[in-house]
Amino acid sequence: PYFSKSMAEFWKKWHISLSSWFKDYVFIPLGGSYHGKIFTIRNIFVTFLVSGLWHGANWTFIFWGGLNAFLLLPSIIRKERILKNLQVKKLLFINNILSIIRTFTLVTLGWVFFRSESLNDFFNYLKKIFSKSFFTVPEILPKITIIFILIFILIEWFGKNDKYVFSKIIYLKKQYRWIIYLILCFLIFILSSDKTEFIYFQF
């Protein structure tokens, strides 16, 4: 999902089971995208606001839902023109990279809303993010984590056009598949921490 070139693409890939549920039981019953752009925009805002409330009765989740709905507007408004352009020629590589960076930045800023306990915390986080520390190199411990991050970034990059990143694994020989499975299990155990609480436990 983090290699998506637009917010619309991101939400097609992110948390597929939950996104599909809201699409099938909220967005489509409201009318989906079958009654013009105005109604489509309304339905998207309602769906994302409900999604925010599902995560918790807090203004931060409501703002998070509203922000994501707002960021989807360009994909709705320019949908026809984009499709026509894609039929003529493919987007240049540099444009893809810039689109990925833009989408990644917008999504991660939205996660600050999601993770903050209050709106005041949100603005404090942003204040600290865009301070002098923004230009410092973060310390990553243990160092081996950097190697694993780079490996997974490469895996994600080469599988960015697939519905599931690891979908190509099923075409490998059985012994190679099991080697990959064991490596993933090993990484989960050595990189896990008892201090990290799964974020959904708070809902």
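Biologist: Why are glutamate 9 and lysine 13 separated by about one helical turn?

Modeller: Because they are four residues apart in helix 1 (residues 7-13). Helices here are DSSP runs of H or I with at least four residues, numbered from the N terminus. Before we go on, this is a predicted model, where local features need pLDDT of at least 70, side-chain atom pairs count only at pLDDT 80 or more, and totals for chains, interfaces and linings use all residues. Residues are numbered from 1 along each chain as its sequence is written, and side-chain values use heavy atoms, with hydrogens and water left out.

Biologist: Fine. What does glutamate 9 form with lysine 13?

Modeller: A salt bridge, with the closest N and O atoms 3.0 Å apart. The term means a side-chain nitrogen of Lys or Arg within 4 Å of a carboxyl oxygen of Asp or Glu.

Biologist: And how many salt bridges does the structure hold?

Modeller: Two. Lysine 5 also pairs with glutamate 9, at 3.9 Å between the closest N and O atoms. That links Lys5, Glu9 and Lys13 in a network.

Biologist: Switching topic: where is threonine 47 found?

Modeller: In helix 3 (residues 37-55). Threonine 47 has 9% relative accessibility, so it counts as buried.

Biologist: What does the side chain of threonine 47 reach?

Modeller: The backbone oxygen of asparagine 43, at 2.7 Å. Setting aside neighbours within four places in sequence, threonine 47 is in contact (heavy atoms within 4.5 Å) with Phe22, Val26, Phe27 and Leu30.

Biologist: How many cavities of 30 Å³ or more are there?

Modeller: One. On a 1 Å grid over the protein atoms alone, a cavity is a set of points where a 1.4 Å probe fits but cannot get out, and lining residues have an atom within 4 Å of a point.

Biologist: How much space lies in the largest cavity, and which residues line it?

Modeller: About 40 Å³, counted as the space filled by probe spheres set on the points, which are joined across faces, edges and corners. The lining is Met7, Trp64, Leu67, Asn68, Leu71, Leu106, Val107, Gly110 and Trp111. Helix 4 (59-71) and helix 7 (93-115) are the elements that give two or more residues to that lining.

Methods: On a 1 Å grid over the protein atoms alone, a cavity is a set of points where a 1.4 Å probe fits but cannot get out, and a pocket is an open set with protein on both sides within 12 Å along at least five of seven lines; lining residues have an atom within 4 Å of a point. Buried means under 20% relative accessible area, exposed over 50%, partly exposed in between (1.4 Å probe, protein chains only). A polar contact is a pair of N or O atoms within 3.5 Å; within protein, one must be able to donate a hydrogen and the other to accept it, and residues adjacent in sequence count only if both atoms are side-chain atoms.
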